[in-house]
Each structure stands twice: as structure tokens, then as C-alpha cells.
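Hi,

Here is the structure I promised to pass on to you. Have a look at it first, and then read my notes below.

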Amino acid sequence: MNTDFRGLWLLAGAWIAAYFTMPSWLLWAFTALLALLVGLLLRERHDGAHSTPWFTGPIVFLLGLLAVTFTGVAGSDCGLPSEQAQQRRAVLSFDEPVLPDQEGVLKGRAKIERYWHEGRWVQCEVPVYLSLAYALPEDADSFESIVGLESSDAGSFGWWAQAASEPKVLSKAQANAADHLKRRFTQALDHLPGNAQALLPGMLYGDRSGQDQALSDAMKTSGLSHLTAVSGSNIALLAAIILTMLRLFSIPRVPSALLMIGVVGMFTWFVGPDPSVLRASLMGSIAVLCLLLGCGQASLGILSLSATILLLVDPGLGAEPAFALSVLATLGIIMLSPALTEIFGQFLPSWLAELTSICCAAQFTCLPVIIALNSNFSVYSLPTNLLVAPLLPLITAVGMVCLLLCTPLPSLAHLLLWILGLPAELVGQVARFSASLPGAARPWPSGATGIVLAIMLATMLCILLIAGRETDHLRVRQVSLAMLGAILVFVAALVVPATLLYREPIDDGWDIAMCDVGQGDAVILHVGENQGWLIDAGPEDGNIVQCLRRLEITALPIVFVTHSHADHFGGMKAVENSGINIGQRLVSAGFELDRWAGAQIIEAGASVDSGPVGYQVIGPDTLAAKRAEPNDTSLVIRFTFHTRNGAVDYFSAGDMETEAMGALLRRFPQAPATILKASHHGARNGGTQIIDELSPEVLLVSAGKDNSYGHPHPETLRAANQVGATVFRTDQSGTVLLTFTEQGVHSSALGSPVR
């Protein structure tokens with residue numbers, strides 16, 4: 001064996017202790033086992049003086065495990081007084097600045113600094129994921145609000161939190177020198193193309209706030225989102241620049257090493273305590289010290305030691321996806337890229353073989369975390385990364401110079417910004433283009449099955465690659481590489497199925513289609529051959545046109561847009577540009593007509609009862625809509641399908657929330673309806689009164705897979721279960737078709753779209 005893997009024992013023990021909460025009896029068992037192994041280590045030895053006992057690895061594993069465990073126990077163990085869902089008054093703050101989403105909601109990781117309990121404030125930091133549907137000043141730091149809390153096991157936060165009252169700002173964030181520099185740099189980007197303006201802050205110091213949802217999704221789908229998170233490559237390039245400058249001035253080795261560590265520390269302070277930055281900075285500093293002390297470049301040991309130190313300092317990183325991606329990507333590059341370079345070098349130029357091996361190695365080891373986060377496999381990730389990789393050193397090197405010059409020499413920085421602005425714009429264009437290709441994000445088996453499968457594949461690939469390179473036995477090498485080839489063929493068959501090229505034809509007898517447009521709404525009512533009424537168009541990147549073409553819709557006699565939010569109206573531009581013939585464009589009284597050419601307001605009471613489908617507009621009230629929040633301006637419409645088996649009613653609730661819907665139902669009581677489209681994607685504020693009153697047989701929920709809002713809410717699903725409604729969800733079934741038959745409503749699913 002040419003590589004020393006003992007450092008991985010330490011990292012594995014530390015990571016397991018950070019991720020899992022262990023019962024006391026198991027800790028005592030591990031402690032006893034460690035004592036036994038140490039006793040064996042201290043016994044009189046009969047082997048060679050420099051040989052290593054077989055149980056050295058388990059000893060190191062147990063040391064890492066117990067060290068992190070007892071560090072966590074010694075730390076603060078405060079928390080909320082109950083594990084049940086609750087609502088309480090609390091003082092909170094976001095971990096980093098956040099921007100409103102399409103619905104104006106602030107979402108992000110936050111922490112409860114203190115909460116009110118039994119007549120007093122309890123000082124305790126509790127990590128939460130906070131949704132705040134209220135305005136908050138940009139410079140707000142901590143604020144007080146009443147929040148609803150639900151337990152969660154997602155990542156590094158234990159609770160979902162939703163503000164239920166207007167936040168009261170208690171303190172404001174004081175901008176430091178780093179904040180002023182970032183702001184000045186962002187202002188200097190105004191003359192660059194849009195993609196460059198959005199991507200450069202992320203590529204240089206991890207600030208993704210300038211990216212809109214479409215660009216962010218394109219970066220994820222194309223496998224390039226890691227470029228907008230500071231990683232080891234940024235640290236390495238920065239260190240190389242500093243080292244080159246120090247050599248030019250003939251600075252001795254010891255001062256050079258110390259200066260380099262200092263610069264890396266300053267860069268870490270400037271960027272912020274992101275897990276990948278901390279890992280890369282600490283690893284780089286330890287590497288410099290190792291070189292200074294003449295210990296060589298033990299990359300695997302340095303990585304293991306760096307990650308273990310971070311887990312000792314903050315065990316919460318063990319459940320942090322950014323930390324896992326950073327460590328696993330670096331681990332893959334260290335362990336797998338040499339073997340992959342040898343394989344690719346047989347038919348590729350050496351520089352391309354090395355670049356390809358780095359991209360593949362990082363993807364192999366990060367696969368389980370990527371699948372756990374989004375359940376999709378990025379088909380074009382490898383070619384897109386290879387395409388943009390040559391641009392990254394130029395962007396990082398020139399970008400660092402521009403950061404330093406934007407204050408003292410803004411004119412020079414303004415000129416240099418074009419040197420990195422054009423390649424950054426190209427990165428964005430590559431991401432958008434690859435995300436638009438067929439099958440850009442293939443679905444992976446969902447849930448625990450998909451994660452376990454990804455872990456098994458990643459583990460087998462790593463073992464076979466390492467065994468094929470490290471072994472001295474030709475037969476073992478040949479068998480390992482043959483098995484590796486078989487697994488890669490299996491993976492290709494799994495993520496690029498035949499359905500990418502062939503699609504089963506759709507029965508044209510369907511009546512209602514709820515299109516999978518991600519986190520948004522888009523429903524099509526079949527009103528004739530190749531004709532449909534469209535209710536909302538989903539978000540800009542929801543691929544509504546793809547759904548229309550899949551259903552062979554060539555004309556839309558009526559298009560209803562329930563309200564102005566982007567997850568309902570954002571896809572309308574694509575529909576307008578698709579060549580599909582559009583007739584009436586109908587909106588509610590709360591819609592701003594100048595946002596959509598040709599739109600007409602349709603008011604409560606309007607009805608049509610001719611043809612195969614009729615409708616009656618239930619709400620909103622015209623006067624109320626002009627001063628209501630956008631959700632409460634939603635068109636609420638009752639559609640009636642006239643079939644040979646009788647009338648079938650479909651009730652479309654838009655995003656109208658509980659109070660407004662309650663007032664509407666009191667004013668216009670409704671008879672039961674066969675089908676109900678859940679209000680506001682099944683959110684809690686959509687209410688359950690409408691489900692109780694309409695008692696539908698079918699409840700349609702249009703929500704994005706793994707959406708951060710928690711849609712649909714368990715209360716909505718419980719209400720549907722109580723009235724005996726069958727629930728169909730786009731986040732589980734993809735596009736859903738409903739067909740009215742003599743036996744009732746028949747359903748079928750087309751699955752998630754090829755995005």
C-alpha cells in the first residue's frame with residue numbers, strides 16, 4: 001500500500017460522534033474497549049520495533065469518537081422545553097443576510113437567542129430554519145417575534161420556525177471593514193453583464209444573495225453551484241499568489257509561512273465562518289506548518305486532522321451539508337484522482353485526464369450528500385465542469401486583485417473587472433444552457449432507498465479504484481477495474497433510463513392536469529381537442545410549456561392567472577413565447593394590468609355555462625382585492641364539467657389564506673365539490689375550513705419536491721384524511737392527470753418532468 005489511511009480512522013470516529021447522539025451505555029462500552037486496546041498496545045511486544053499493531057486504527061477511531069462526544073457533552077446542552085410543536089415568544093437572528101423569495105418571505109438558517117418560558121427569559125441558542133413573512137430592515141440583527149415551532153431532523157437545525165407576529169427589531173448589525181469592502185465591490189460590478197454581477201460575489205467570497213431563483217436553479221441543475229461557495233481552490237490560489245510575491249522579495253521560509261497563514265486567516269475572516277472555508281483554511285495552515293517542519297505533504301492525514309479539529313470545536317458541523325460536501329470532495333480528490341488520472345491518461349491528454357479525474361473523484365464521493373439534498377442526478381455536471389474549469393484560476397486571481405483595488409484605485413479595478421466579468425458571464429450562460437437541455441436533472445430513487453443506494457455506489461467505486469491502484473497483484477487490479485466498469489454501466493442505466501428517449505403516449509381522454517412546475521401552481525382543464533384552459537403558469541423555471549406540449553395542447557382559449565406572485569405568473573412569459581395560441585387573459589381585481597399585456601379583470605359573480613366546462617367566479621371581492629395582500633387577491637373559481645355521467649365540480653382556491661377564504665365562504669356558502677385544489681400549496685395558512693366545507697373526494701396539492709416551506713402542512717393532510725379525500729401531490733407523483741369515468745375520478749401520473 002502506498003497511501004497511509006490511518007487518518008481516516010480518526011475522522012470517521014469524530015464524525016460519527018458529531019452526527020449521532022449515543023446512549024450512555026454505549027459510551028461506557030466504547031471507553032472499556034479503548035482501555036482494553038490501549039492495554040494490548042502497552043503489553044510486551046514480540047513483533048518488529050517499527051511495526052504497527054493491527055488495532056492501531058480502532059484505537060484512533062475510538063479516540064476521535066470519545067473526544068468529540070465528551071466535547072459535546074461538556075458544551076451547552078440547552079434547548080426548548082418540549083420536543084412537541086409549540087408557539088412561543090423569542091428573540092431571533094438570521095445566521096447571514098437573506099433576501100425575500102418570490103412570495104416576499106425571508107427564509108434561512110437562524111438561531112433563537114432567548115425565549116420566554118414560565119414568566120422569564122431563558123438564555124439559550126437554538127438553531128432553527130426561520131420563515132419570516134414580514135418586512136425586516138436590511139441592517140436588522142436580532143428581533144423579537146412570536147414563532148411557531150415544529151421539530152425537524154434536517155441538517156444542523158433542529159426546528160422549523162415560522163414567525164406569527166410582526167418582528168420588533170432589538171439591535172442592528174454594525175457593518176465592519178469586510179462588509180464595506182464587499183458592498184463597494186458589488187457596486188463596482190454594475191457595468192458587467194447580469195450573470196457576472198450575480199456570480200462574482202459568490203465565486204470570490206461565497207455571497208449568493210445576488211442570484212435570482214432561475215440562475216440559482218440553473219447552477220444546481222448543471223452541477224456548478226459549488227463554484228459560488230468558497231472552497232479549497234480559492235485558498236490554494238490565494239496562497240500561491242502570496243507565496244509568489246514573498247519569493248519575489250526573497251522572504252525567508254519561516255516568515256513566509258507565518259505570513260501565509262496570517263493572510264489565509266484574514267481571508268477566512270473576510271469571507272465568514274462557512275464550513276468549507278474553515279476546512280480549507282485550517283487544512284492549508286496545517287499543510288504550511290507540515291512543510292515548515294519538514295513533515296512532507298501528507299494530504300490525507302492533514303485533511304483528517306483539520307476536519308476532526310473543526311468537529312471538536314463545533315460538533316454541529318457533523319450534520320451540516322456544506323461541511324460534508326467540502327470534506328468528501330477533498331477526500332475524493334486526494335484518494336481517487338491519482339487512480340482516475342492513470343485510467344483517463346490512456347486515451348486523453350495528460351492535462352485533460354487530470355482535470356477529468358478531479359471532477360469525477362469529487363462527484364463520486366459527494367454523491368450521497370447530493371442525493372440527500374435534492375434527489376436528482378446532474379447528467380451534464382461533468383462536461384460543464386470541464387468546460388468552465390480553465391476559467392476559474394483567472395476569475396479567482398484577477399478577482400482578488402480587484403477586491404483589493406476597488407477602494408484605493410477604483411478606475412483600475414473598473415477596467416480589470418472586465419477581465420473576470422466576461423468569463424463569469426460565460427459560466428452563467430453555460431449553466432443556463434446545460435440546465436435547459438433534455439434530462440439535465442434525472443430523478444434518483446427517492447427517500448432512504450436512494451440515499452443508501454448512493455452510499456453503496458460511492459463506497460464500491462472508492463474501494464475498487466483504490467484497490468486497483470494500491471495493490472501489487474495484477475489479477476486483483478484487473479478484477480477491480482472490470483467491476484468498476486460494470487458499476488459505471490449500471491449507474492448510467494439508472495440515471496439515464498430509456499424514458500429519456502421514449503415516452504408512452506397519453507390517453508387524450510383526460511379532463512384535468514396538474515402540471516409539476518416545482519414550487520408553484522399550473523392546472524390545465526381539457527376543453528376540446530388539443531385545447532385547454534390554463535389556470536396559472538408556475539414559476540419562470542417551472543417548464544410549463546413542456547407540460548403543455550407533453551399534453552399536446554396547441555390552443556388556450558382562456559388563461560386565468562389567480563394572482564401576481566411569481567410562482568403563479570412567472571411562467572406566463574414562456575407560454576406567450578411558445579407559439580401556443582392564447583385567447584382571453586383573465587385576472588383578479590388585485591392584479592396590476594400593466595404587468596401583462598391584454599389582461600382583463602374578471603370579477604366575483606362572473607360565470608360561463610356553455611360548452612363542456614362552465615365556471616363561476618366566487619372571489620375575491622373587488623374592493624377588498626385592491627387593498628389585500630397578494631395571496632388574498634387570488635381568483636377563487638368553481639368549474640363544472642358536464643359529462644355524460646353527470647356534473648363534476650372542480651374548486652380552484654388559488655393561494656387565498658384562511659381569514660379571507662373564511663369570509664368568502666360565509667358570504668357565498670358552497671356545496672360539496674368533487675375536486676379541490678388546496679389553497680397555497682397546502683400550507684397551514686391556506687386553512688382547513690375549505691376542506692371541511694367542500695368535503696372533496698380528491699385534493700390536489702401542487703408543491704415543489706423537498707421545498708423549504710414544508711408544503712403541504714400535516715394539518716392540511718389530516719383534514720383531507722378526515723373527509724376521506726384522496727390526495728395527489730406533484731412533489732410525490734409529478735404531473736397528475738384526472739379522468740372522469742363511470743366509476744368516479746381516475747388518476748394517473750406522468751412523473752417529474754425532464755428538466
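Leaving aside its neighbours within four places in sequence, which residues is Arg638 in contact with? Please keep in mind that this is a predicted model. The list includes Gly614, Tyr615, Gln616 and Ile618, along with Asp649, Tyr650 and Phe651. Gln670, Ala671, Pro672, Ala673 and Leu694 complete it.

You can find Arg638 in strand 17, which covers residues 636-643. Is Arg638 buried or exposed? Its relative accessibility is 9%, and buried means under 20%, so Arg638 counts as buried. One of its contacts is also polar: the side chain of Arg638 meets the side chain of Asp649 at 3.0 Å.

Phe249 has 63% relative accessibility, and the cut-off for exposed is over 50%, so Phe249 counts as exposed. Together with Leu248, Ile251 and Leu259, Phe249 makes a nonpolar surface patch of about 440 Å².

Now for the whole protein chain. It has 25 helices and 23 strands. Of its 755 residues, 47% count as buried. The protein chain exposes about 36,000 Å², with carbon and sulfur atoms supplying 59% of that area. Among contacts with a separation of 6 or more, 66% are between residues 24 or more positions apart.

Enjoy exploring!

Best wishes

Terms used: Residues are numbered from 1 along each chain as its sequence is written. This is a predicted model: local features need pLDDT of at least 70, side-chain atom pairs count only at pLDDT 80 or more; totals for chains, interfaces and linings use all residues. Side-chain values use heavy atoms; hydrogens and water are left out. Patches are made of residues with over 30% relative accessible area and no salt bridge: like charges are joined within 9 Å, nonpolar side chains (Val, Leu, Ile, Met, Phe, Trp, Tyr) within 5 Å. Accessible areas come from the Shrake-Rupley method with a 1.4 Å probe; for residues, only the protein chains shown count as cover. A salt bridge is a side-chain nitrogen of Lys or Arg within 4 Å of a carboxyl oxygen of Asp or Glu. Buried means under 20% relative accessible area, exposed over 50%, partly exposed in between (1.4 Å probe, protein chains only). Helices (H or I, at least four residues) and strands (E, at least two) are DSSP runs, numbered from the N terminus. Contact means heavy atoms within 4.5 Å. A polar contact is a pair of N or O atoms within 3.5 Å; within protein, one must be able to donate a hydrogen and the other to accept it, and residues adjacent in sequence count only if both atoms are side-chain atoms.
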